Amino acid sequence: MKKVLYTLCFLSALMISDTAAAQGFLKKLKDKVNKTVDNAVDKKAGIPPDNSSGNNRSNSPGSPTNKGGGGLSNTAPPDVKAQIAEAETAHAAKNYSDARYSLQQALMGVEIQLGRQILKSLPPSVDALNVDTLQDVVMSTQWGWNNLSIHRVWKNTADKQLTITVGNAGMYAGLAALYFSNAGMVEANGAKQNFKQVRVKGNKAIIQYEDSKGYTLIVSLGQSSMIVWECINFANEQEVMNTANTFDIDKIKKMLGEQ
Amino acid sequence: MKLFITFIAVIAITSAGVAQDFTKAITTAKTAYSAGKLEDTHFALQQAMQEVDLIVGKEVLKLLPPKIDVMEINAKEDNVASNVGFIGATIHRAYDKGTRKADISIISNSPLVAMTNMVLNTPLLGGMMSDGKSKTVKVQGYKARLEKQPGSTNDKNSYDLQIPLGNALFTFKVDDCTDTQILQFADTIPLQQIAKLIE
C-alpha cells in the first residue's frame with residue numbers, strides 16, 4: 001500500500017513539473033510568434049522597427065540635438081583702471097548700485113592679475129616633471145578675495161603628476177586650521193599612519209596618503225590662504241616633501257598679502 | 001529660517017566694518033595699482049566698497065517712514081553695518097510705542113536670499129516648509145512670506161514678513177498686531193524705491 005502511495009505521489013509530481021515546463025515552453029513560443037507577426041505587420045505598414053537599446057529615446061521626438069557651436073569667447077579680465085574710473089563717476093552721480101558693481105569688477109581684475117603673477121612665479125619644471133600650461137587656471141569670483149584659486153599641473157610621460165592649487169578660501173582654510181589646532185584629530189594610533197602633521201619651510205602642514213589618490217600635502221598660509229599639492233605616483237613621503245620644498249612659499253604668501 | 005537669519009546677522013555684526021571715506025579709498029587704490037601693489041589695491045577697493053554699502057544703507061534709512069501707525073522711530077536702534085564678501089550691508093531700524101514694536105532689517109547683496117526666493121516660487125517646497133504658521137502673500141506686487149512667530153498667543157501676535165528684493169532680503173517684524181495690520185503697515189514702506197537703491 002505504502003509503495004503504491006509513493007508511486008502515485010512521484011507520478012503526480014512529475015506531471016506537475018511537466019505541465020509547468022510545458023507552460024513555460026508554450027509562453028516562449030507564443031511570445032516569439034507574436035514578435036515575428038508584429039514585425040511583419042509593422043514592416044507592411046511602414047513602421048520602423050522598435051530599437052529599445054538605442055540612445056534615441058533620451059531625446060524627445062522633434063527636438064534637435066546640438067552638434068556644435070563657437071562656445072563663449074574668452075573675455076579679457078576687467079580693466080582695473082577703467083572700472084575704478086566708472087565707480088568714481090557712478091558714485092559722483094549717486095548711482096551706488098553701479099558704483100558697487102564697478103568696484104566688484106575692479107576687484108576681480110586685481111585678483112586675476114595677482115593669480116597670473118603667482119602662476120608666473122611657479123617653476124617651469126619640478127622634480128623632472130614639466131608644466132602642462134593647458135591646465136593652468138586662475139579663477140576669481142566676485143566675492144572679494146575669498147575665492148581666488150590658482151591651479152597648475154606638472155607631469156611626465158609616465159604616470160607621475162603634480163598638481164598645485166593655491167587658494168584663498170576662508171572656508172577650507174578654517175577646516176585645515178581646525179586640524180592644526182587639534183593634534184588629537186590627526187595623530188593616528190595605527191602602525192601605518194596615513195595622515196599627519198608636518199612642516200614645510202617652517203609652515204604648518206598636513207600630509208595625507210590614500211592608495212587611490214596618492215599624496216596630498218596642505219600648507220596653511222596666514223589667515224585664509226593655503227597651498228595644496230596633490231602628488232600622484234610619488235615614491236614616498238620624502239619625495240613629496242622635497243618637491244614641496246622647491247617652491248618659494250614665502251613669496252606666494254607675500255603676494256597674497258598674508259603675514 | 002529664523003536660525004539662518006540670526007546666523008547671518010551674527011556674521012554681519014561680528015565683521016562689521018568702520019566707515020571709510022570713499023574718495024580716500026579710491027585714491028589709495030589708484031596709487032597702489034599704479035605702483036603695481038596688487039594686494040594693497042585689493043584692500044583699498046574693498047574699503048571703497050564698504051563705503052558704498054554704508055552710503056546706500058544711510059539712504060535707505062532716509063526712505064523709511066518716520067512713523068508706522070502710531071509707532072515712532074527709536075533712533076538709537078538705527079544701524080548700518082557693512083561687510084565686504086559674504087554680505088553687502090545690514091540696515092536696521094526699529095519703531096515702538098507702548099507694547100507695540102516694529103523692526104525692519106535689510107540684508108543687501110546676500111547670495112542667501114536665493115533660498116527665500118526658492119521657497120516663494122516653488123509651491124511644493126513652500127508646502128513642505130509650511131507648518132501652518134506661514135503663508136505666501138503679496139506686498140506692493142512683491143511676493144513675500146508671512147510667518148506667525150512662535151510664542152504668539154491669540155490676543156497678542158507677532159508676525160514676520162520676509163520680502164526678497166533682488167539679491168537683498170527685507171524683513172519686517174511687528175509685535176502685537178494682526179496679519180492684516182502688518183500687511184497694512186508694510187504698504188506704507190516705499191519698497192520699490194528701496195529695491196532700486198540696493199539692487
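This short talk covers the interface of chain B and chain A, then a hairpin in chain A.

First, the ground rules. This is a predicted model, where local features need pLDDT of at least 70, side-chain atom pairs count only at pLDDT 80 or more, and totals for chains, interfaces and linings use all residues. Residues are numbered from 1 along each chain as written, chains are lettered from A and ligands numbered from 1 in written order, and side-chain values use heavy atoms, without hydrogens and water.

Now the interface. Chain B puts 26 residues in contact with 25 residues of chain A; contact means heavy atoms within 4.5 Å. The buried area is about 2400 Å², and carbon and sulfur atoms give 73% of that. Buried area here is the accessible area (1.4 Å probe) lost on putting two parts together, summed over both.

Next, charges. There are 2 salt bridges between the chains, each a side-chain nitrogen of Lys or Arg within 4 Å of a carboxyl oxygen of Asp or Glu. One of them pairs D53(B) with R100(A), closest N and O atoms 2.6 Å apart.

Which elements of chain B give two or more residues to this side? They are α2 (22–34) and α3 (38–63). Helices are DSSP runs (H or I, at least four residues), strands likewise (E, at least two), numbered from the N terminus. α3(B) gives the largest share, 13 residues.

Finally, the hairpin. In chain A, β6 (195–200) and β7 (203–210) run antiparallel, joined by 6 bridges. Strands pair if DSSP finds at least two bridges between them. V198(A) has A205(A) as its bridge partner in β7(A). The turn leaves 2 residues between the strands, and K201(A) there has a positive phi of about 50 degrees.
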